[in-house]
Each structure stands twice: as C-alpha cells, then as structure tokens.
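We will go stop by stop.

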Amino acid sequence: MRAGNMAGQKRPLQLKLLRNMIRFGYVLTVLTVQLQNVSAQAESSVLTVADSNWTLILEGEWMLKFYAPWCPACQHIQADWEAFAKLSHNLGISVGNVDVTQQPGLSGRFLVTSLPTIFHAKDGSFRRYMSSRTIEDIQAYIVQKKWDAVEPLPGWKSPSSILMSGMAGLFRLSVWIRQIHTYLTNSLGIPSWGSYVIFAIVTLFLGLLLGLMLVLIADCICPSRPKYKGGKTVVLQKDEGSEDELEDTLTEEKHASDLDNDGEKVSGEEEFTEEEGSPGTEAAAGSDERSTETSVRKRKPPGPNSPKAT
C-alpha cells in the first residue's frame, strides 16, 4: 500500500517538473531568436532602398549600391560593402542597397546600365563613384571628400527630375510587359509570335485612342473659326432690321446699279463719237492746206513799179 501511495505521489511531481522544463525551453527559444535578430540588425547597417522610400537619399549623405543577386561582381564586393556599412555611423553617412531585379523603377531613375553601380549623394546632389571598390578606397572617398572634385549629375539627369521620373515609368512598364509575355507564353501556351501580334494590336489601338483624345483636346482648346463670305455677312446684318428697311435698301442698291449702267453706256457712246470724228478733222485740215497752196499759186507776178524792178 505504501509503495502504491509513493508511486502516486511521484507522478504529479514528475508532471509538474516536465511542465516547468517545457516552459523554460520555450522562454529560452524566444530569447535566442530575439538575440539573433538584434545581433543581425547590429551586424548589418545596410539599408534597403526601394521605390517607396527612395526620397530618403535626397537628404544627408549617402552611398548607394545597385546590385543583382545573380551578378558575380556584386557578390565579390558584398563583404567589403557590409564592412563599410559598419563604419557608416562613425563617418556620418548612410549606406544603402538597391536590388534592380526587385526595383526596376529605381534602376531607370538612376539610368543604371552596368552592375554593380555605386552613387554618392549629398543633399540631393548625385555623383557616380568610379574609383576602386575596396573598403579603404570607399572610406577615403568619404573622409578626404574626394567626391567634391567629381562633377555632379546635371539637373535634367538628376533622379528627381521629370525626365528621369518618366524613365523610371518606362522601366516599370517594360518589366510589366515582360511579365505579361511570360504569362501568355508559359501559362496560356500561346506561341511567341501570337504574343507579339497581341501586343501589336493593342499598341495600334492605344495609338488611335490617344490620337483621338489629342484631337478632341486641341479642338476644345483652340476651336476652328467658321468662315463666312462678305455677301452672307451683309445679309445677316440686314436681317436684323425691319422688312421695310430691307426693301428700301434693296431699292437703293438697284437704283445705284442702274445709274452705274447708264453712266457706262454714255461713256461708251462718247468714245464712239470721238473715234468717228477724228477722220473728218483730218480731211478738213487737208483741204485747208490745199486752198493755201492754190492761193499762193494765183498770186500775180510783181509789176514794174515794184522795188525789184527799179
């Protein structure tokens, strides 16, 4: 009996001890995970820059690296970049990373064409880092202010400019088109040429739609003026008066036109009479000359009493 009682008393103690051990293990696991997270955050001082928070680099001093996970050169400088990030607090700068495979908009905004690409940013002024990628050279670039001798990017090429914002949109659009093409060819089984035909039709339709919208906007902003002839304008102005005034005006115009016609007829008759009278005048002049000659011929010869005879 005593042995049975002893066994029954030991079981609750064992269960209680087991429960305490489980609780202790759970607490220890949670503490371990938290310590690992804290140590990881302390070890990595590299900030991840994305489309949502890229405006942070417009303030302060930054060193920003563009990389891709599949790039061997990017993997080669990863250790030096992490070591340089640990010194960022003492240097008074911020260190960031941009994964171009996840952030195509930022790669278009900075016009990244090769990997890895490093930029230095100082209060919104950007310069491309072209020196050696060792931790010593990067640190000297900041400490000795070698970036001051490098010409910054021009205003139109700045990541915050309107042109580069449009370039970022084009890069995002290209990635979106590539994803659609992959979906059409892989998921739906459409051949590549079929996908190209679909994109061509959609492009033509969007072009026609955009052109129609531009024409409508231009017509609303600068509407075309109607062209009226002079006679129609006069008629419209006359319609505003009374009917009596219209009749009087028409009568006066008709009378004036009749007078003009009569004047033209009279001038024509005068010209005709002048033309007919010109030959008679010439004939009269000729007859006068002939009579003068005959009178000269009929003169008598001088007599003996003339001065010549004496």
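Helices (H or I, at least four residues) and strands (E, at least two) are DSSP runs, numbered from the N terminus. This is a predicted model, in which local features need pLDDT of at least 70 and side-chain atom pairs count only at pLDDT 80 or more, while totals for chains, interfaces and linings use all residues. Residues are numbered from 1 along each chain as its sequence is written, and side-chain values use heavy atoms, with hydrogens and water left out.

**The whole chain**

Show the protein chain as a cartoon. Its secondary structure comes to 10 helices and 5 strands. Of its 310 residues, 20% count as buried. Buried means under 20% relative accessible area, exposed means over 50%, and partly exposed lies in between (1.4 Å probe, protein chains only).

The accessible surface comes to about 23,500 Å². Carbon and sulfur atoms own 60% of that surface. Such areas come from the Shrake-Rupley method with a 1.4 Å probe; for residues, only the protein chains shown count as cover.

Next, contacts (heavy atoms within 4.5 Å). Among those between residues at least 6 apart in sequence, 66% join residues at least 24 apart.

**The largest nonpolar core**

A nonpolar core is a set of buried Ala, Val, Leu, Ile, Met, Phe, Trp, Tyr and Cys residues joined through side-chain atoms within 4.5 Å. Select Val49, Ile57, Leu64, Phe66, Val98, Leu106 and Phe110. Of the 17 residues in the largest core, these touch the most other members. Two elements give two or more residues to this core: β2 (61-67) and β4 (117-122). The largest share, 3 residues, comes from β2.

Center on Phe110. Which residues does Phe110 touch, not counting those up to four places away in sequence? They are Ile57, Leu64, Phe66, Phe119, Phe126 and Pro159.

There is also a second, separate core of 14 residues. Select Met63, Ile118, Tyr129 and Trp147, which are among its members.

**Loops on either side of β4**

Go to Pro116, in the loop between α5 (104-109) and β4. A cis peptide bond joins Leu115 and Pro116, with omega at about -10 degrees.

Then pick Asp123, in the loop between β4 and β5 (125-129). Its phi is near 55 degrees, a positive value in a residue other than glycine. Is Asp123 buried or exposed? Asp123 is exposed, because its relative accessible area is 52%.

**Helix α6 and its end**

Select α6 (135-143). Ile135, Ile138, Ala140, Tyr141 and Ile142 are buried here. The buried residues of α6 pack against β2, α3 (78-86), α4 (88-91), β4 and β5.

Val143 is also in this helix. At 53% relative accessibility, Val143 counts as exposed. Draw a distance from Val143 to Leu91. These two are 52 residues apart along the chain, and their C-alpha atoms are separated by 7.3 Å.

Step just past α6 to Lys145, which takes a positive phi of about 55 degrees. Lys145 sits in the loop between α6 and α7. With 54% relative accessibility, Lys145 counts as exposed.

Stay in that loop for Lys146. Lys146 counts as partly exposed, at 41% relative accessibility. Lys146 touches Ala140 and Tyr141, not counting residues up to four places away in sequence. Lys146 and Tyr129 are 17 residues apart in sequence and 10.0 Å apart in space, C-alpha to C-alpha.

Now jump to Ser158, in the loop between α6 and α7. Ser158 counts as buried, because its relative accessibility is 11%. Leaving out residues up to four places away in sequence, Ser158 touches Gly124, Phe126 and Met164.

**The largest pocket**

On a 1 Å grid over the protein atoms alone, a pocket is an open set of points where a 1.4 Å probe fits, with protein on both sides within 12 Å along at least five of seven lines; lining residues have an atom within 4 Å of a point.

Select Leu173, Trp176, Ile177, Ile180, Ile198, Phe199, Val202, Thr203 and Leu206, which line the largest pocket. About 160 Å³ of space lies inside. Grid points are joined across faces, edges and corners, and a volume is the space filled by probe spheres set on the points.

Color α7 (162-187) and α8 (192-221): each supplies at least two lining residues. Which helix gives the most to the lining? That is α8, with 5 residues. Finally, color by residue type. The lining divides into 8 nonpolar, 1 polar and no charged residues. Ala, Val, Leu, Ile, Met, Phe, Trp, Tyr, Cys and Pro count as nonpolar, Asp, Glu, Lys and Arg as charged, and the others, Gly among them, as polar.
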